[in-house]
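Visitor: Hi, could you walk me through this structure? I'd like to ask things as they come up.

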Amino acid sequence: MRMYVQPKLLLWLGRVNDMVKRIGLNGDEAVALAVKQANVDVIAAYPITPQTIIVERLSEYVNNGELDAEFVPVESEHSALSTVVGAALTGARVFTATASQGLALMYEILWIASSLRLPIVMALANRAFSAPINIHCSHDDAMAARDAGWIELFSESVQEVYDLTLQAFMMVEDENIMLPAIVNLDGFILSHSLADLYVFDDQEVTNLLRKDRPLYKLPIDFKKPATYGPLGLYDYYMEIKKQQAVAMRNAYKYIKEVFQKYSEVSGREYSPVKTYEVEDAEIVVIALGSMAGNLRTIAKSLRKRGKKVGVISLTLYRPFPEDIILKTLKDINVVVVMDRFPNFGAPGGPLFEDISATLYHLKKRPMLLNVIYGLGGRETSPKEIENIFERALKISKEGVMEEKEIWVGVRE
Amino acid sequence: MNNVKLIKTIRDIPGDQYEQLAPGHRLCAGCGVSAMVRLVLKAVPDPKVVINATGCLEVATTIYPYSSWKIPWVHNAFENAAATGSGIEAAFKALHRKFGKKMPHVIVFGGDGGTFDIGLQSLSGALERGHDFIYICYDNEAYMNTGIQRSGATPRGAATTTSPAGKVIPGKMERKKSLIEIAVAHGIEYAATASLAYPVDLFNKIRKADAVKGPAVIHYLAVCPTGWRSDPALTVEIARLAVLTRMWPLYEVENGKYKINVFIKNPRPIEDYLKLQGRFRHLLKPENKWLLEKLKQDVESFWNYLVSKTKE
């Protein structure tokens, strides 16, 4: 079970340790602060709601001399990612941020960035895809990126946004990993919500990250010239893709090491999967991002009434933490998988499919219910969440599931 | 533009020991691109890095596990060579300032498709932001790598696989756009056209482009025997005829000031240029005379425009 460090304790630590500082920021500002403290060399980004505050703050940091970096104010998201791909090849520390349509415009280059094994960190302020145009939260962009070979992290609070941004730099620059990473933060729910959080001193972040350059394993080198991004046809392409797939699998172990190291330094525990009251649970609800806290709150009140319910949220989505999911869910009766993504004709939402595929190999499998919720920023009320738990408990009791997919909070 | 080391004759161009594009690449016989690239690599001092948009040059020189490039070379995608170059330039600037790394010369190559069409936004952004690089468009006037489809750079009347010389519509109906005019509109310090038939002019233009602090654009006419259906042995001759007929004026714009480098007082008939190329053969038929006249008007009006600009 996950240990939470009580804020009070940290505040007390703050008195004895200057490194721990408590301030108020919204999610976008937390990203920008982490990026500034990481001492990045090149930022290329294009403004898009709800990511804009990130680029505004970073521009201020650069223009006020608080961050010595090249801010490249590109003319599109496609150029934003193309620019950081070029910059990362030199061995510089790079950053970009986007949302929704911007991610869609970058899509082509996502695959090139991961194939070149570039240490790029991107913040993705999750927002629904058009049409209709909508600026609020869905996980459409995060899910569009899920197969592109990037590490994907989901944050559920502003604190996690800050922490995961720093950890993303630790991950992508680990020579055993060398893959780009996306830090997801739910649009508006996290990007624009003011919260208090604990932040490091600049020096502490400096100690946490690599100080040397080049960061890229095979940087542009004039003494040892190399050809980057050549034509690779049927005689080599498949081996190159296999290497990339193996790299993603291998990264899992080292990502866990980053979580562990960061947990030790920060006093805030990080791991690929967060579990809550799952040990003796009859039913478990799984979600990504900011929904997790709501689920735990409702689960807590249900537990008080003697209902055996648990909650899982994934901090690490790619590479998928199969081992932990298997271990945690193998004895559960009913698993509810919540997807913030419309399912157009697939057997289930993307997270549902991931969980299904993971659990398929068990001899005795839990029953699986897929919930589609919160599209385009639609609120999911505490009552609706409670109903989800109750529905799962009913299925568990009766052993019958009439529908495998329900949409919550939608007018029929 | 002081302190630019210009050359006077072709003998001043460094010899084979300075070749940085190795032989054995798969560009076609008579291709106008590789000879230009070799000249560019000789004109720009080391250290340098090349960014290449998707296209003939990229595909034919880097078939994994082989590469013809003896210097760092980067290919990202089709439409983003200028943005990729922006990132490399910006990163070296930051690494130079923060870590004392050496600043290289940055050269970007894109074809006409990657420059006029799909990459125009990326190029415009980079020019506006003022990145210090040379952008060289090798213009073979169609999407040659995918099989000769028309682009915004295809001249009026030319036949391509998507603008075939049909009975109703005999070739491309629209005028070629002017890349240099677009580049100049960004207020950049240096932009010029170039031709393989004038290697000294080409070499010196690259030197000038390199000397500029900020972006410079070179627009190079790349004769394409495969796409133009011309004799590979006549590549240089065709390149020269393009200049002599005023189809391809050699000019430069330095800080907004226009200069025609090879002034063609008495132009050769355009037909001399057209008749050597299969893509224009239909234009010489009587029923398509109206289209040939339109092409001639394009050429004349642009020449007159250039002459008027040099008098400003």
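Guide: Happy to, and we can start with how the model was made and then go wherever you like.

Visitor: What kind of model is it, and how are things numbered?
Guide: This is a predicted model, in which local features need pLDDT of at least 70, side-chain atom pairs count only at pLDDT 80 or more, and totals for chains, interfaces and linings use all residues. Residues are numbered from 1 along each chain as its sequence is written, while chains are lettered from A and ligands numbered from 1 in the order in which they are written.

Visitor: Let's take chain B. How many helices and strands are there in chain B?
Guide: Chain B has eleven helices and eight strands. Both are DSSP runs numbered from the N terminus, with helices (H or I) of at least four residues and strands (E) of at least two.

Visitor: And how compact is chain B?
Guide: Chain B is as compact as a globular protein of its length, because its radius of gyration is 19 Å, close to the 20 Å that the globule rule gives for 312 residues. That radius is taken over C-alpha atoms, and the rule is 2.2 Å times the number of residues to the power 0.38. Along the principal axes, the C-alpha atoms of chain B fill a box of roughly 65 × 50 × 40 Å.

Visitor: What share of chain B counts as buried?
Guide: 54% of the 312 residues of chain B do. Buried is when 20 or more other C-beta atoms lie within 10 Å of a residue's own, exposed is 12 or fewer, and partly exposed is in between, with C-beta atoms placed from the backbone.

Visitor: What about S4(B): enclosed or open?
Guide: S4(B), residues 134–139, is largely enclosed by the rest of the structure, because six of its six residues are buried. On one side are B:Ile134, B:Ile136 and B:Tyr138, and on the other B:Tyr135, B:Cys137 and B:Asp139.

Visitor: Who are its strand partners?
Guide: Strand S3 (residues 105–111) of chain B runs parallel to S4(B) over five bridges, and B:Phe109 stands opposite B:Ile136. Strand S6 (residues 216–221) of chain B is also parallel to S4(B), joined by six bridges, with B:Leu221 as the bridge partner of B:Asp139.

Visitor: Switching to the interface. How many residues of chain B are in contact with chain A?
Guide: 41 residues of chain B are in contact with 38 residues of chain A. A contact means that the C-beta atoms, placed from the backbone, lie within 7 Å. H3(B), residues 81–99, gives the most to that side of chain B, with 15 residues. By class, the side has 22 nonpolar, 13 polar and six charged residues. Nonpolar here covers Ala, Val, Leu, Ile, Met, Phe, Trp, Tyr, Cys and Pro, charged covers Asp, Glu, Lys and Arg, and the others, Gly among them, count as polar.

Visitor: Last one: how is chain A divided?
Guide: Chain A is divided into domain 1 (7–266) and domain 2 (273–407), with bounds from an automatic or database domain assignment. Their centres, taken over C-alpha atoms, are 28 Å apart. 27 residues of domain 1 are in contact with 19 residues of domain 2, and H9(A) supplies the largest share of the domain 1 side, five residues.

Key:
Contact = placed C-beta atoms within 7 Å. Pairing = 2+ DSSP bridges.
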